[in-house]
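Please examine the sequence and the structure shown below. The questions that follow concern its folds and strands.

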Protein chains: 2
Amino acid sequence: MLETSVLKHIAKLQQKKYRKEFGEFFVEGIKGVSEALDSEFEVIAVIVDSNVREEEKIQKIIRTAEEIEVEVMFASAKDVEAIKSTETFPGIMAIVEIPEMSLDDLDTESHIIALDGITDPGNLGTIIRTADWFGITNILLGPGCVELYNEKVVRSTMGSVFHENVVFTHDLEKSLEELREESGYTIASLELQGDPLGKMEKKKKYVFVFGSESHGVSEDIQKQVDARYTIPGKGQAESLNVAIAAGIVMKEIS
Amino acid sequence: MLETSVLKHIAKLQQKKYRKEFGEFFVEGIKGVSEALDSEFEVIAVIVDSNVREEEKIQKIIRTAEEIEVEVMFASAKDVEAIKSTETFPGIMAIVEIPEMSLDDLDTESHIIALDGITDPGNLGTIIRTADWFGITNILLGPGCVELYNEKVVRSTMGSVFHENVVFTHDLEKSLEELREESGYTIASLELQGDPLGKMEKKKKYVFVFGSESHGVSEDIQKQVDARYTIPGKGQAESLNVAIAAGIVMKEIS
C-alpha cells in the first residue's frame, strides 16, 4: 500500500502547475518506464500495481530499478483506483525528474525541429516519436505549445521523450536568430504556399519550423524564415495534419 | 426548439448500433456540414444552435441547405446541452445518410489504401484526410478497423470523409485477391522488415496495406501481399505511428 502523501503527490502530478512546482512528471506502462530507466533522466520512483508484480516483464523492470537504486513502491487495488490517469492503468508507472534544458543542449551539428503553437498533445507526442525514428534528436518548443510533460504527450511519444533533446524557449524568434547567426542554420518552414518540398536543397543543418494547425507559423516567426516549403497535394483536403506534414519533412531531411 | 423525438434520435446516433440500424451518422462543425452539403452524400437534416443562427458562415450554410431542400432545425440552449458530443458544440451539425458502398465503387484505375485492424479513431480519420490531400480516393477497410462513422473518426477526417470512396469489406483477404486477379493491382504492405521504401517500383495501381500498430498486418492478409516495404529509420524509436507511416507512403506513391 502506498502512503497517503505519495498518492497525493501522484495525483498532483496530473496537473501542470504541480509538475512545474515539483520539477517532476510521470510516465506509465512497461515501455515508458523501461525507457525512462534506460535513459539519462533521473527516475525518482517506480510504482507497481501489486496485482501484476509477479509478471515477467514487470519483474525485469523491478530488477533494473533496484540495480540503479531507484525506489520501487507497490500499489494496492485501491491505490491503483486513486492514481490511474487513463481508463486502463497499465500496471506500472514511474515518477521522473524534469531535466533542465537550454539551447546549449541541442546538438548543433544536426537538424532541429521547431514547433510554434502545437497545442494538440497527440500531435506533439507523435512528432517527437517520429523525430526519434528518423534520428533527428533536436526539438525546440516555442511558448504556444502544449506542455511536454502532459501525460497525453508523454504517452504518445511511446518512450521517445527519453531519447530526444527537447528544449523549451520563451522566445522562439530570438532562438531561431541565434541558431542562424551563431550556429549556421538555415531556417525553413512548412506553409500552404511555398516551394515544393522536392525542390528543397540538401543541407546538413536545417531548423524546420511547423506552425499550429489553425494559424500556421506566426508572423514574428515568419520574419526569421529563410525558405518556405509546401507538400504538394492534388486532392480536396484543405491541409495536412501537422504531425503527418512533419513526418514527411523529417523523412526528406533525414 | 427540437422535438423530443429528434433529440432522442441524435443521442442514439452517438452509438454504433443505432448508426447501423438507422443507416445514418452525424457530422459537426461548419467545415464538416458544408462538405456534407457539397458532397454526393444525402443530408437528412441540418441542426443549428439558435444562438449562432445569425452568424454569416451559418447563414450561408442555411441558404445552401434550403436550396437543395434539406430541412434545417433550430436547437435551443437546452437542446444543445442535450445533443453535444464534444465539450464545445460547434454550433451546427448535420445528420447524413450512410452510403452503401461495395468494391465496385472503388476507382480501379488508381491506388487503394487498405487498412487492417486500425482501431484508433484519430489514426483512421487522419489517414482518410491525408489520402484526400494526395488525391488518393480509394480506402478499403478490413473488419478489424474502428467504425468509419464513429464521431471521432468523422471529426478527424476534417471533411475528407465526404470526398473519399471508403469501402468496408468483411473479408479483406478475398477482396485483395479479387483486386489483384480482376483489376491487376499489386498488393504491397508496410512492415518493420521489408525493402526500403525508396526501392519501390513506380506503379499506377498499388493496394497498399497498413496493419494495426500493435500487431502489424495479420497473417491471413500477409499471404496476399506481393511486396513488403519499410520506412528506414535510424533513431531509437521502435516504430512509427501508423498514420505517419501511411502519410509517407501516400506521398511516395501519389
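Q: How many helices and strands does chain A have?
A: The model is predicted, so local features need pLDDT of at least 70 and side-chain atom pairs count only at pLDDT 80 or more, while totals for chains, interfaces and linings use all residues. Residues are numbered from 1 along each chain as its sequence is written, and chains are lettered from A and ligands numbered from 1 in the order in which they are written. Helices (H or I, at least four residues) and strands (E, at least two) are DSSP runs, numbered from the N terminus. Chain A has 10 helices and 10 strands.

Q: Why is chain A described as being as compact as a globular protein of its length?
A: The radius of gyration is taken over C-alpha atoms, and the globule rule is 2.2 Å times the number of residues to the power 0.38. For 254 residues the rule gives 18 Å, and chain A is as compact as such a globular protein because its radius of gyration is close to that, at 20 Å.

Q: How many residues of strand β4 of chain B are buried?
A: A residue is buried if 20 or more other C-beta atoms, placed from the backbone, lie within 10 Å of its own, exposed if 12 or fewer, and partly exposed in between. Strand β4(B), residues 92-97, is mostly covered, and the buried residues number 5 of its 6.

Q: Which residue in β4(B) is the bridge partner of B:V27?
A: Two strands pair if DSSP finds at least two bridges between them. Strand β1 (residues 24-28) of chain B runs antiparallel to β4(B), joined by 5 bridges. The partner of B:V27 in β4(B) is B:A94.
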